[in-house]
Amino acid sequence: MGVPRFIFKVAHQDAWISILVTLVWMLLVIQVMLMILKQYKNADLYGIQVDLFGKWIGKLLGTVYIFFYFVSLVTVYLNYIEVVHVFLYPTLSPFVMAILLAFLALYTVMGGFHVAVGISFIFFFLPQWLWFLLYDPISRMDFDHFLPMFDASFTQIMKGAKVTIYSVLGFEILFFIYPYLSNKKKVRRSAFWAVSFSSFVVMTCTVISIGYFSPHDLSDVNWSVITLYKSVSFSFIERLDYIVVVEWMMIVLPNLVLLLWVISQGLKRIYNVPPKYSLYIISAICVLLASIIKKYDTIHFITNFIAKFGFWLVFIYPFFLLLFVWIKKLLFRKESSQNA
Amino acid sequence: MRRRKVKQGFFPTTINQLKETLEKQFENNSDLMFSSFTHQGKKLAVFYIPYQIESNKLEKLLKTLLSEEKEWTSETLLNEIPLGSGKKTSDLQQILTKLIVGEIFIYIENENEAISYQEESREKRNLEKAETESLVLGPKIAFTESLETNLNIIRWEIRSPDLVLEELTIGKDLPCKVRMIYLKTVANDQDIQTMRQRLQDLDVDMVEDAAVLAQYIEDSETNLFPQLETTELPDRFIFEINEGKVGVLVENSPTGILAPATIFSFLKSTEDLYMRWQTGSFLRLLRMIAIFLSIIITPLYVAIVSFHYGIIPTQLLVSIGKSRAAVPFPPLVEALLLEFLIELLREAGARLPTKVGQTMGIVGGIVIGQAAVDAGLTSNILIIVVAMSALASFTAPSYLLGTTVRLVRFPLILLSGFLGFYGLMFGLCLLIIHMLRTKSLGHSYLIPVYPLNISDFLGVFIRLPIRYNYKRMESYHPKKLFRFPKKEALGKKHMKK
C-alpha cells in the first residue's frame, strides 16, 4: 500500500522500470525454484535442505526460514493494523484488531490446506472491483510527472527494485506447497502468471501514484494507494477510502493464512511440534507483538529488515541452492558409477 | 429392556393357548380381535386389529374360507385362496409386528404356522398445493406424508427402469422405511455409496421426520448452513435426481432430502426453468443479491451511523440526522430492537392461523411501525432498512436458508455496532471461511466457485437458455455428463418439426 512512495524515493519517476526489473528477476527465481523442486519428486524446502546439508545445517536453515516467515507474519499484522489505525479508528485498541485477524487466520488454517487455498482463491477475486474505482485518479493523472524518462541511474533502479521486494514477497511459498499440488506441469505457467499479476498490481499503483501526486507530495504521503481512493466519490457514497481499507482485509488475510500454515508445517517437519499447538502459540505471540509495537518507526524498521532478509533469502539463496543440488547430483552420480 | 426370547417351537398349539398368549401380549390394549370357529370339524382362528385392516377385504376372505366344503390346511389355504399376499409365519414376535401393520392372521389348529394376509388400511391426506415453497408457474402438488403416494408421483414422472428406489429401514425401536432414490445411469457412484453408508450407519431409536434425518446424516452439525437440500416439491426433487443428485424420502414425512447441495442450489428455484431464460436469470440474480443485502444492510446502517458517517454524502446525512434526532438510543440498540420486533412478527405470523395472521401483519407492520417512529423509538430510515432486509430474506426459495440468513444477521449487527466496518468485514470474512469449511456429502459447499469450474460457473448464476443447458454439473462427475447432444442442441435440432 505504501510501496510507490518508497520506490519513488529511490528511483524517482523511473520507478516503473525498477518494478519491471524485479519482475524479470522473480521469473528467474521461479525458474530456479522449479528446477530445484524437480530434482526431488515430492519434497518441500524443509526436506530438501535436510537432504542437501545434512540434519543439523538443514534444520538450522529451515529454522531460518521459519523465523523469516514469522517476522513476515508479524509485519503483515503490524502494517495492516497501522493502516486501519490511521484511516479508520484512531482509538480502537490494536489488540482487538489483531485478535480478530488472528482468529480468522486460525479458523482458516484449522480447516486444513484446502480451506487455506480456497481463501486465497476467493479472496483474490473478491477485492478486484477496487480497480474500477481507480478511474477517478487515473483521469486526474498528469503525465508530465514521468518526464524525463530513463533519468535514473542503474544503481538507483536496482535499489528501487530492491525496495519493491517486500510487496512481491510471498511467491517463495511455492517451495512449500509444491508437494501438495496435483498438476505439476501447470505449475510454472501459473506461477509466472501469478508473479506477473502481482507485479502488474504494484506497477499500476506506482504509475498512478506518480501521475496523481506531485513528486513532493508523493515523498510525504504514507499509503499513497489508499489516498488515491480518497478522491473518488459518488452521489450516494463519499470517502471510499474507508471501504478500501476494510476491503484490504481480504487481501491481507490470505497472506496471514499462508504464512501461518507454512510456519506450522515447518515446525511440524523440523521439530515435530503438532500444528494444533504451534498454531495457537504463534498466533498468540503475533497478537501480543502486534498490540505492543505501535511506533511507526519500529514498524518501518521491521518491515525494512524483512525486505532485506527476504532479498537474500528469496532472491539470492535459491541460486546457491540450485548450485548445491547440482553439485550433489554430480557427486552422487560419480559415486554410483564408481560403485557400479 | 431385556429382549423377550421367543421359545422355540411355539407352534403347533391349540387355539385356546394361542388366544391366551396373544391376549397376554396385548394386555390392556382392547385392540386385538380374536375369533375362533369350527369349520368342517377343524378349529380355526382369525385374528387381527380391526382399524388397521380393510374390513370388506376381510369379509371376502371369510366368505371364501367358509363357503368351501373341505378341510383346510395351511397349504391349501395358501394355494387356493386367491390373495397374493398370503404368507406363512411361525414366529410369535413376527406375528405381533405384522398384526400391527394390518395383516389378518388365520390359524388352523395343530398346524405348524399361521397364515397372514396383508390387507392394511392406512389413512392419508390427499395431494395438496405446496405451502412453504409456493410457485407461480409450474406443477402445484407437494409431497404428502404417505411414502407410497410420493413414490407413486416420482415413478410416474421418471418412467425409466434406471430409477432406483432402494429401501432401507432405520430406527431400532421404532423402525421407519426410508427410500434412497437415484438414477443409476447418471448419479455418481461415490455419492450413492456415501449416502447409503451414512444411512446404514445410523444407529438411532427412531427417525422423527425427514428434516431430522437430514440432520443426522449431514456432514457437520456445528455448521450454520443447511448442508442437505430439503424440498416439498416433487418437480424440484425430480429435476435434481435427473441432474445426478441422490434423494431420500422418508415414511410419514412430506419432505424430500437431496444431496449434494451447494449454497447456490438453495438459491435456485424450479421456477427459473419455467420462466423464459431472461426473466429466469433476472430473478435468480435478484434472489442472490437479495440474500446478500438481507445479511448486510442492517449491519451496514449500524456501522455507518455509529462510526463512519463521513462516508455518507452531506445531504443524505442531514436527512438521516433529522430522522434520528428524536431517538434516544445508540444505533446498535435501535437496530436490535427493530430486528427483534420483525422477528417477533414473523414468528407470530408463522404460528397463527392464516386469517388472523393477516390482521396481525397489518397491526404489527403498520401500526407498530408507525407508532414506534412517532414515539421516537426508532428512525424512519431504519424501519425502511429493516423492512427491506426482512423482505429480502423472504426471497430465499429454501426456508432453511432463509432462517440461517435471519440468524446470521444478529452477530453481524453486534459486530458492526461495536467495531464498525472492521467488525462487519470480520464477520463477512468469517462467513466466507465458514462456507469454505462446509461440506455437503463430501463435496465443497461453494461449487463451482471453489473449486472453480468454469463450465458450471455460468449455469449457476444465470439460467441458461435451454439449448445451452445441455450439460449436467461437471463438478459432481455424473456418469452421463450430457443431457442431450451439444451439437444438435445448438442448432435447435432437438426440436422435431
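Q: Does B:L441 count as buried or exposed?
A: The relative accessibility of B:L441 is 4%. The class follows from the cut-offs, because buried means under 20% relative accessible area, exposed over 50%, and partly exposed in between (1.4 Å probe, protein chains only). At 4%, B:L441 therefore counts as buried.

Q: Which atoms do side-chain values use in this model?
A: This is a predicted model, in which local features need pLDDT of at least 70 and side-chain atom pairs count only at pLDDT 80 or more, while totals for chains, interfaces and linings use all residues.

Q: What is the phi of B:L441?
A: B:L441 lies in the loop between β11 (439–440) and β12 of chain B; here strands (E, at least two residues) and helices (H or I, at least four residues) are DSSP runs numbered from the N terminus. Most residues other than glycine have a negative phi. B:L441 is not glycine, yet its phi is positive, near 55°.

Q: What is the order of the five strands in the open sheet of chain B?
A: Strands pair if DSSP finds at least two bridges between them. In this open sheet of chain B the pairing is antiparallel, and the order is β1-β2-β4-β5-β3.

Q: Why is one side of β1 and of β3 in chain B left without a neighbour in the sheet?
A: β1 (33–39) and β3 (87–89) of chain B stand at the edges of the sheet. One side of each lacks a neighbour because each has a single partner strand.

Q: What is the average twist from one strand to the next?
A: Angles are taken between N-to-C directions and run from 0 to 180 degrees, with axes fitted as lines to C-alpha atoms (for helices, over the stretch in contact). From one strand to the next, the twist averages 25°.

Q: Which residue in the turn of the β1(B) and β2(B) hairpin has a positive phi?
A: Seven bridges join β1(B) to β2 (residues 42–48) of chain B. Among the paired residues, B:H39 has B:K42 in β2(B) as its bridge partner. Two residues lie between the strands of this hairpin, and the positive phi, about 50°, belongs to B:Q40.

Q: How many of the residues of β2(B) are buried?
A: On one side, β2(B) pairs with β4(B) over four antiparallel bridges, where B:L44 has B:I108 as its bridge partner. β2(B) is largely enclosed by the rest of the structure, because the buried residues number five of the seven.

Q: At what angle does helix α1 of chain B run to β2(B)?
A: Helix α1 (residues 15–25) of chain B lies across β1, β2 and β4 (103–108) of the chain. Contact is defined by heavy atoms within 4.5 Å. Relative to β2(B), the helix runs at about 15°.

Q: Which residue takes a positive phi in the hairpin of β4(B) and β5(B)?
A: This hairpin has five residues between the strands. The positive phi, near 70°, is that of B:N110.

Q: What is the omega of the peptide bond that joins B:Y450 and B:P451?
A: Most peptide bonds are trans. In the loop between β12 (443–444) and α16 (454–461) of chain B, which holds B:P448, a cis bond joins B:I447 and B:P448 with omega about 0°. B:P451 also lies in the loop between β12 and α16, and the bond from B:Y450 to B:P451 is cis, with omega about -5°.

Q: How far apart are the C-alpha atoms of A:Y277 and A:I57?
A: A:Y277 belongs to helix α14 (residues 275–292) of chain A. Its relative accessibility is 48%, so it counts as partly exposed. A:Y277 and A:I57 are 220 residues apart along the chain, and their C-alpha atoms are separated by 25 Å.

Key
Residues numbered from 1 in each chain as written. Chains lettered and ligands numbered in written order. Heavy atoms only, no water.
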